[in-house]
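Here is a friendly note to read alongside the structure. Take the points one at a time and find each residue as you go.

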Amino acid sequence: MALPKCFSELVNNLSILPGVGEKTAERYVYSLLDKDFQEIENLSDALINFKKNIKHCNKCGCLSDYDLCDVCSDKARDTSTICIVEDSKNVFFIEKTRKYNGYYHVLNGLISPIDGVDPEDLNISTLMNGRLEGVKEIILAINPSIEGEVTSLYLKKILEKYDIKIS
């Protein structure tokens, strides 16, 4: 017996998410069957709202609801330090520790010639255009993979002309 068409469609749509295979998607669909209509409608509205309203901060590139993220809007942070990270997930992880009080810069990727990702494909130009004034230290919090190492070396090279400590 074939699954109902709407069941299969939802399984297929949930399977687009990373780490969600067909069996996991089926478990999710069976779980959704137990939810009342209002809960499903809230989930649907939240997905649509997310896609309509999520944006990248104009200053650092982190995900935000607004043109400036909460970190960039916070005037109490240490303006002399910028932590450069690969993506917004890294900002949220570091923020959870409550140990860092500087600003961030999100590259939104790593240099990867094999994947066709060059330096100009990353969020580097906004860093170089006005964000370095008054900065004394840049922390490279980048994954030590091959792509991460290439990206770190590239950033060190373009930042060496500034009087900024690179950590």
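1. A word on angles before we start: axes are lines fitted to C-alpha atoms, for helices over the stretch in contact, and angles run from 0 to 180 degrees between N-to-C directions. Keep in mind too that this is a predicted model. With that in hand, look at helix α5, residues 88-97, which lies across β3 (78-85), β4 and β5. The direction of α5 makes an angle of about 160 degrees with β4.

2. In what order do the strands stand? Reading across, the order is β4-β3-β5-β6, an open sheet of 4 strands with parallel pairing. β4 (102-106) and β6 (165-166) each have a single partner strand, so one side of each is left without a neighbour in the sheet.

3. Next, see how β5 is held by its neighbours. Strand β5 covers residues 137-141 and is joined to β6 by 2 bridges, the two running parallel. Both ends of this pairing can be found by residue: E137 has K165 of β6 as its bridge partner, and I138 stands opposite I166 in β6. Towards β3, the pairing is again parallel and extends over 5 bridges. On that side, C83 stands opposite I139 of β5.

4. Which residues of β5 belong to the covered face? They are I138 and L140, while E137, I139 and A141 make up the uncovered face.

5. Please turn to the salt bridges, of which the whole structure has 4. One of them joins R77 and E95, with the closest N and O atoms 2.8 Å apart. R77 is in the loop between α4 (70-73) and β3, and E95 is in helix α5, so this pair ties together parts that are 18 residues apart in sequence. Is R77 buried or exposed? With a relative accessibility of 8%, R77 counts as buried, because buried means under 20%.

6. E9 and K5 both belong to helix α1 (residues 5-14) and are 4 residues apart, about one turn of the helix. The closest N and O atoms of this pair are 3.9 Å apart. E9 is partly exposed, at 41% relative accessibility, and K5 is exposed, at 65%.

7. A further pair is K157 with E160, whose side chains meet in a salt bridge at 3.4 Å, N to O. K157 is exposed, with a relative accessible area of 55%. E160 also counts as exposed, at 55% relative accessibility.

8. Finally, a point about the surface. Which residues form a nonpolar patch there? L3, Y30 and L33 do, and together they have about 320 Å² of accessible area. Y30 sits in helix α2, residues 22-33. With a relative accessible area of 45%, Y30 is partly exposed.

Terms used
Residues are numbered from 1 along each chain as its sequence is written. This is a predicted model: local features need pLDDT of at least 70, side-chain atom pairs count only at pLDDT 80 or more; totals for chains, interfaces and linings use all residues. Side-chain values use heavy atoms; hydrogens and water are left out. Two strands pair if DSSP finds at least two bridges between them. Contact means heavy atoms within 4.5 Å. Patches are made of residues with over 30% relative accessible area and no salt bridge: like charges are joined within 9 Å, nonpolar side chains (Val, Leu, Ile, Met, Phe, Trp, Tyr) within 5 Å. Accessible areas come from the Shrake-Rupley method with a 1.4 Å probe; for residues, only the protein chains shown count as cover. Buried means under 20% relative accessible area, exposed over 50%, partly exposed in between (1.4 Å probe, protein chains only).
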